[in-house]
Amino acid sequence: MSLPTLLTPRLILRPFGDGDAGVLAALPLPGGTAGYLRELRRGELFGGATGMAICRRSDRQTVGCVGARFERDEAHVGLWLLPAACGNGFGVEAGRAFIDRLFTQHSPRVLLARTLRSDGAAARVLTRLGFDLDTSGDVQLGWRLRRLSWSVAQTSGGL
């Protein structure tokens with residue numbers, strides 16, 4: 001099921017368009033940009049994946065993307081921003097909107113994410129979104145966010 005367009009105070013999260021692959025080509029997406037976008041589009045047809053482009057509301061420019069692949073009652077999520085868009089809170093803002101819609105529409109029990117151990121900015125975004133460190137390796141860190149934790153944080157206004 002494709003996600004509808006989401007609006008936040010500064011961002012638009014929308015389905016991918018034809019020009020997004022070129023704009024997002026610099027991102028380190030799994031399988032390369034074109035392959036990743038193709039996988040998400042194909043996955044949407046069968047309910048196995050979903051993704052969206054992240055655009056600034058002010059000028060409608062694409063600044064990143066977010067996606068999720070579903071396996072059983074889990075969703076593996078990723079969020080990437082172009083370097084020029086980093087450092088201004090777009091990751092947290094886009095993440096909150098996307099995660100809320102994932103839990104509402106798809107109801108996974110848990111969201112999983114991975115970051116490079118050296119990527120402190122990504123770790124800070126995931127922590128602000130409520131993810132807990134789950135596994136620690138030499139190169140990567142694994143993160144987990146349970147639906148119940150998200151619900152409690154949203155109800156209490158913690159996020």
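These legends describe close-up views of a predicted model.

**View 1. The largest nonpolar core.**
This core has 31 residues. Leu-13, Ile-54, Ile-99, Leu-111 and Phe-131 touch the most other members. Several strands give two or more residues each: β2 (11-14), β3 (49-56), β4 (62-71), β5 (74-81), β6 (110-116) and β8 (140-146). Helix α3 supplies the largest share, eight residues.

**View 2. Leu-111 and its contacts.**
Leu-111 is among the core residues that touch the most other members. Neighbours within four places in sequence are left aside here. Beyond them, Leu-111 is in contact with Ala-75, Val-77, Ile-99, Leu-102 and Phe-103, among others. Its partners also include Phe-131, Trp-143, Arg-144 and Leu-145. Two of these partners, Ile-99 and Phe-131, are named with Leu-111 among the core members that touch the most others.

A separate core holds 14 residues. Among them are Ile-12, Leu-27, Leu-37 and Cys-65.

**View 3. The largest pocket.**
About 1,200 Å³ of space lies in this pocket. Its lining counts 48 residues. Leu-79, Trp-80, Arg-114, Thr-115 and Ala-122 lie nearest the centre. At least two lining residues come from each of α2 (33-46), β4, β5, α3, β6, α4, β7 (132-136) and β8. By class, 28 of the lining residues are nonpolar, twelve are polar and eight are charged.

**View 4. The salt bridge between Arg-10 and Glu-93.**
The whole structure has eight salt bridges. In this one, the closest N and O atoms of Arg-10 and Glu-93 are 2.7 Å apart. Arg-10 lies in the loop between β1 (6-7) and β2, and Glu-93 lies in helix α3, so the pair ties together parts that are 83 residues apart in sequence. Arg-10 is partly exposed, at 35% relative accessible area. Glu-93 counts as buried, at 13% relative accessibility.

**View 5. The salt bridge between Arg-56 and Asp-59.**
Here the closest N and O atoms are 2.6 Å apart. Arg-56 counts as partly exposed, with 24% relative accessibility. Asp-59 also counts as partly exposed, with 34%.

**View 6. The salt bridge between Arg-144 and Asp-134.**
The closest N and O atoms of this pair are 3.1 Å apart. Arg-144 is buried, at 18% relative accessible area. Asp-134 is partly exposed, at 40%. Arg-144 is also a contact of Leu-111.

**View 7. A network of salt bridges.**
Three residues are linked here: Glu-39, Arg-69 and Glu-71.

**View 8. Val-23 and its surroundings.**
Val-23 lies in helix α1 (residues 20-23). Val-23 counts as partly exposed, at 40% relative accessibility. Not counting residues up to four places away in sequence, Val-23 touches Thr-62 and Leu-82. Thr-50 is 27 residues from Val-23 in sequence. In space, the two are 19 Å apart, C-alpha to C-alpha.

Key:
Residues numbered from 1 in each chain as written. Predicted model: local features only at pLDDT ≥ 70, side-chain atom pairs only at ≥ 80, totals over all residues. Heavy atoms only, no water. Core = buried A, V, L, I, M, F, W, Y, C linked by side-chain atoms within 4.5 Å. Buried < 20%, exposed > 50% of the residue type's maximum accessible area, 1.4 Å probe, protein only. Helix = DSSP H or I, 4+ residues; strand = E, 2+ residues; numbered from the N terminus. Contact = heavy atoms within 4.5 Å. 1 Å grid on protein atoms, 1.4 Å probe; cavity = no way out; pocket = protein on both sides within 12 Å on 5 of 7 lines; lining within 4 Å. Points joined across faces, edges and corners; volume = space filled by probe spheres on them. Nonpolar A, V, L, I, M, F, W, Y, C, P; charged D, E, K, R; others polar. Salt bridge = Lys/Arg side-chain N within 4 Å of Asp/Glu carboxyl O.
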